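Q: I have a model open and would like to go through it with you. Could we begin with the place where the chains meet?

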Amino acid sequence: MPVIVVEVMPKAELLDPQGKAVAGALGRLGKDRFSAVRVGKRFELTVDGPVDEAALADAREVAEALLANGVIEDVVRVSEEVA
Amino acid sequence: MTLEQTVVDTVERARATPERQQAYAALGLTDDEYARIREILGRRPTSGELAMYSVMWSEHCSYKSSKKYLRRFGERVTDRMREHLMVGMGQNAGVVDVGRGWAVTFKVESHNHPSYVEPFQGAATGVGGIVRDIIAMGARPVAVMDQLRFGDLAEADTLRVVHGVVAGISFYGNCLGLPNIGGETVFDPVYQGNPLVNALCVGVLKHEDLRLANATGAGNLVVLFGARTGGDGIGGASILASDTFTASGPTKRPAVQVGDPFAEKVLIECCLELYAGGLVEAIQDLGAAGISCATSELAANGDGGMRIDLDAVLLRDPTLTAEEILMSESQERMMAVVAPERLEGFLAVTGRWDVETSVLGTVTETGRLEITWHGETIVDVDPATVAVDGPVYDRPVARPAGLDALQADSATGLPRPADGPAIAEQLRALIGSPNLADVGWITDQYDRYVLGNTALAFPDDAGMIRVDEESGLGVAIATDANGRYSELDPRAGAQLALAEAYRNVAVTGARPLAVTDCLNFGAPTNPEVMWQFAETVDGLSEACLALEVPVTGGNVSLYNQTGDRAIHPTPVVGVLGVIDDVAKRVPSGWQDDGLNLYLLGETALELDGSAWAQVVHGHLGGRPPAVRLEAERALAGLLAAGASEGLLAAAHDLSEGGLAATLVEGVLRFGVGARVWLDEVLERDGVDAATALFSESTARVLVAVPREEDVRFVGLCAGRRVPAIRLGVTDAESGMLEVQGLLTERIEDLRRIRWGVLPAALGARSTAAGS
């Protein structure tokens with residue numbers, strides 16, 4: 001079954017406590033080349049049928065309305081997962 | 001890079017270009033206010049100064065509409081009321097001496113608007129903000145409470161708000177490890193488009209640990225520590241969306257903030273270690289208006305000036321402009337004034353807690369607040385003009401046009417049931433209504449006993465915390481507000497809120513000592529709202545004087561309305577009391593068989609604005625119950641004496657829902673039944689059975705007294721002139737609440753009705769993890 005992937009990230013200007021915690025842990029591991037981390041979410045929507053423009057439009061709608069909290073998050077990707 | 005494209009508006013440039021148009025209106029400043037800023041400075045403000053004045057002169061920070069009235073709290077205080085007051089209004093929070101070298105600080109604040117826009121983060125950062133106010137006084141936060149007002153429980157949007165707010169509060173408070181020991185939840189359609197999320201925090205300190213937000217001592221360093229500064233919540237409004245400040249295109253920053261309770265927990269411990277080491281001269285938390293507020297308030301409260309280098313602020317986002325840095329409301333930040341010789345020790349402590357710290361500047365003798373950015377001066381102002389001497393408005397007031405008609409429409413004429421089955425049916429309807437139902441769905445999501453010092457918590461009338469582990473010295477806190485009463489009569493409504501909170505503290509056996517308040521109202525530009533506000537403050541300050549409990553601080557939240565429709569005036573009043581030993585506390589429900597139940601106080605036909613009128617008749621009109629402050633005082637004195645002599649097995653106040661609600665809550669608390677008879681009450685007070693059960697007359701408490709203490713208790717009541725009637729006995733065997741001749745209800749049925757309401761409407765509980 002084809003899959004549409006939706007990726008959601010915290011808005012760039014807002015604090016991302018999870019990313020900050022991971023960045024801190026990287027420092028303790030000695031991985032100093034990574035100066036910042038931001039943690040987002042990935043959703044995999046399994047599609048019953050072909051991934052056409054209608055399915056993508058549906059996915060975009062769901063992403064904006066439900067999967068992302070528009071006040072503090074942005075939808076950064078809605079596309080078919082290519083195996 | 002964006003930074004280089006930005007034209008820095010310096011003081012020098014402001015002098016040279018007086019004609020430059022500034023979009024002050026988009027920042028919320030009026031023509032007059034802008035003119036006044038120009039007059040104060042003798043030139044046009046720089047964009048940085050404009051940013052500072054605009055946020056600090058906003059209603060939220062300057063109290064410009066309410067200041068005129070708030071003075072009454074300070075005027076109506078006697079020396080006796082000041083006796084226990086270590087810090088009164090004007091600092092981050094009031095501080096009360098509770099004895100044995102201990103002091104307690106507490107404050108309630110609003111976070112209404114953010115909690116509607118983004119319920120989870122709005123409510124979470126509301127908790128975070130009030131906790132930092134408490135830390136800033138030098139205290140260790142020990143408990144929180146929340147006062148919530150939501151819209152109609154049947155509306156879909158209410159679900160969004162309730163789930164988000166409750167999850168946000170439990171997330172932040174539980175992660176922080178603070179018990180949530182009580183509060184209020186009210187559902188009413190007037191809050192549909194404007195829920196109220198008030199948060200209270202209480203902290204404990206030794207007298208010598210007290211810290212104030214006064215920047216004194218020229219040469220001392222100004223230090224910013226905690227989280228980095230980012231673009232969160234800039235302006236708290238769409239202020240910067242207007243693209244006034246940069247030439248590099250519009251910057252659209254969200255007005256909400258994201259909180260990090262784990263960072264705040266570290267900040268608490270770090271601050272307490274700094275205080276213990278004597279490393280801090282003064283401290284201020286960063287809340288609304290961020291660095292603008294902290295620098296101007298610290299400097300204005302001190303004796304000199306301050307010079308700040310904004311380039312030293314550690315940023316999460318390097319593209320922030322100077323104006324954005326000044327206005328950012330990034331969470332979990334504090335500002336301290338540190339003597340230069342103690343800086344090393346200070347940095348050692350913040351380093352140990354992994355708290356980022358930067359020295360921003362120094363305290364000066366100039367009397368000016370000067371801020372530089374990229375080597376140029378962008379702010380040069382008298383800090384008092386920013387933080388203290390903002391505009392004060394004497395806004396027009398007008399008694400609401402429909403108030404006479406509303407007050408004339410009494411509930412007294414509504415049909416009251418006469419027979420047992422009809423009364424029983426109405427009782428079941430009452431306890432099955434959202435405002436009298438069990439709110440365990442909400443409060444069970446909060447830690448109540450973490451830290452191990454919680455002596456009482458929800459569903460008792462007040463929360464109680466042990467302060468001194470050796471002696472058992474503790475404090476009790478209760479908050480109350482009845483918007484329906486305030487809508488009918490704002491003066492009486494505020495006094496009734498105080499009276500109820502006072503009584504709720506008294507029933508635990510504690511002696512009420514001090515008050516905090518959060519006054520939630522509609523738009524001050526509406527003369528009718530302003531009249532309600534004026535009446536409220538006047539009434540509340542008068543009642544505080546009568547009960548000898550001073551207001552120590554609080555918050556005013558205006559503009560709570562949807563379109564033209566304001567919320568009911570909702571003056572949340574918090575009362576703090578002290579108890580010598582929490583082991584002597586009195587719970588709200590009875591646990592043993594064969595205790596005598598006494599009804600203290602008198603019942604009159606007072607159903608206007610009552611839960612009964614709302615639930616049974618959908619009615620709001622008339623006059624709220626009479627305020628009986630002398631009776632409340634006598635009652636509180638009796639309860640304190642009774643508790644300390646161990647005469648009381650339980651005590652529960654009568655308020656919304658009257659005696660009926662109190663009896664149901666009493667039997668449900670520990671599942672021990674009761675048999676009561678109303679004859680004596682009906683005869684003495686000249687009321688019918690429905691009135692006896694549903695009237696909301698004040699200064700009444702139901703107490704349970706062990707039989708062997710009966711004589712002493714009756715003597716105590718007589719000696720203190722508190723009317724008392726033996727109303728019945730507790731019954732552990734029956735599993736029933738019986739009101740003789742009227743109704744007999746199974747406790748299990750009552751429990752099922754009361755517990756079912758919220759889960760049925762709200763569904764499964766939210767988990768604290770998600771947002």
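Q: How many residue pairs are in polar contact across the interface of chain A and chain B?
A: The model is a predicted one. Across the interface of chain A and chain B, four residue pairs are in polar contact, with both residues of each pair at pLDDT 80 or more.

Q: And how many salt bridges are there across that interface?
A: The rule finds one salt bridge between chain A and chain B. Asp260(B) pairs with Lys20(A), and their closest N and O atoms are 3.9 Å apart.

Q: How many residues does each chain bring to the contact?
A: Chain A contributes nine residues and chain B contributes 17 residues.

Q: What area do the two chains bury between them?
A: Chain A and chain B bury about 1,200 Å², with 59% of that on carbon and sulfur atoms. On the chain A side, the residues that lose the most area to chain B are Glu13(A), Leu15(A) and Val71(A), which together account for 49% of what that side buries.

Q: Let us change topic to helix α28 of chain B. What is its span from first C-alpha to last?
A: Helix α28(B) covers residues 747–762, 16 residues in total, and reaches 24 Å from its first C-alpha to its last. That is close to the 22 Å expected at 1.5 Å a residue.

Q: Where does α28(B) bend?
A: The bend is at Gly756(B) and amounts to about 35°. A proline, Pro759(B), follows within four residues.

Q: Which residues of α28(B) are buried?
A: The buried residues are Ile747(B), Leu750(B), Arg751(B), Arg754(B), Val757(B), Leu758(B) and Leu762(B). In an α-helix there are 3.6 residues a turn, so residues three or four places apart point the same way.

Q: What follows α28(B)?
A: Gly763(B) follows the helix, with a positive phi near 75°.

Q: Which residue other than glycine has a positive phi of about 55°?
A: That is Ala699(B), in the loop between α26 (689–694) and β25 (701–705) of chain B. Leu451(B) also has a positive phi, near 85°, and is found in the loop between α18 (440–443) and β14 of chain B. Most residues other than glycine have a negative phi, and most peptide bonds are trans.

Q: Why is Ala699(B) counted as buried?
A: Ala699(B) is buried because its relative accessible area is 5%, and the cut-off for buried is under 20%.

Q: Which residues does a cis peptide bond join?
A: Phe458(B) and Pro459(B) are joined by a cis peptide bond, with omega about 10°. Pro459(B) is in the loop between β14 (454–456) and β15 (463–466) of chain B.

Q: Now Ser292(B): is it buried or exposed?
A: Ser292(B) is buried, because its relative accessible area is 0%. The residue lies in helix α12 (residues 290–301) of chain B. Beyond its neighbours within four places in sequence, Ser292(B) is in contact with Met52(B), Val55(B), Met56(B), Leu326(B) and Met327(B).

Q: And where is Gly367(B) found?
A: Gly367(B) is in the loop between β11 (357–364) and β12 (369–373) of chain B. At 27% relative accessibility, Gly367(B) counts as partly exposed. Leaving aside neighbours within four places in sequence, its contacts are Gly304(B), Gly305(B), Val381(B), Asp382(B) and Pro383(B).

How values were computed: Residues numbered from 1 in each chain as written. Chains lettered and ligands numbered in written order. Predicted model: local features only at pLDDT ≥ 70, side-chain atom pairs only at ≥ 80, totals over all residues. Heavy atoms only, no water. Helix = DSSP H or I, 4+ residues; strand = E, 2+ residues; numbered from the N terminus. Expected span 1.5 Å × (residues − 1). Bend = angle between axes of the 7 residues up to and from the residue. Buried < 20%, exposed > 50% of the residue type's maximum accessible area, 1.4 Å probe, protein only. Contact = heavy atoms within 4.5 Å. Buried area = accessible area lost by both parts, 1.4 Å probe. Salt bridge = Lys/Arg side-chain N within 4 Å of Asp/Glu carboxyl O. Polar contact = N/O pair within 3.5 Å; in protein donor to acceptor, adjacent residues only side chain to side chain.
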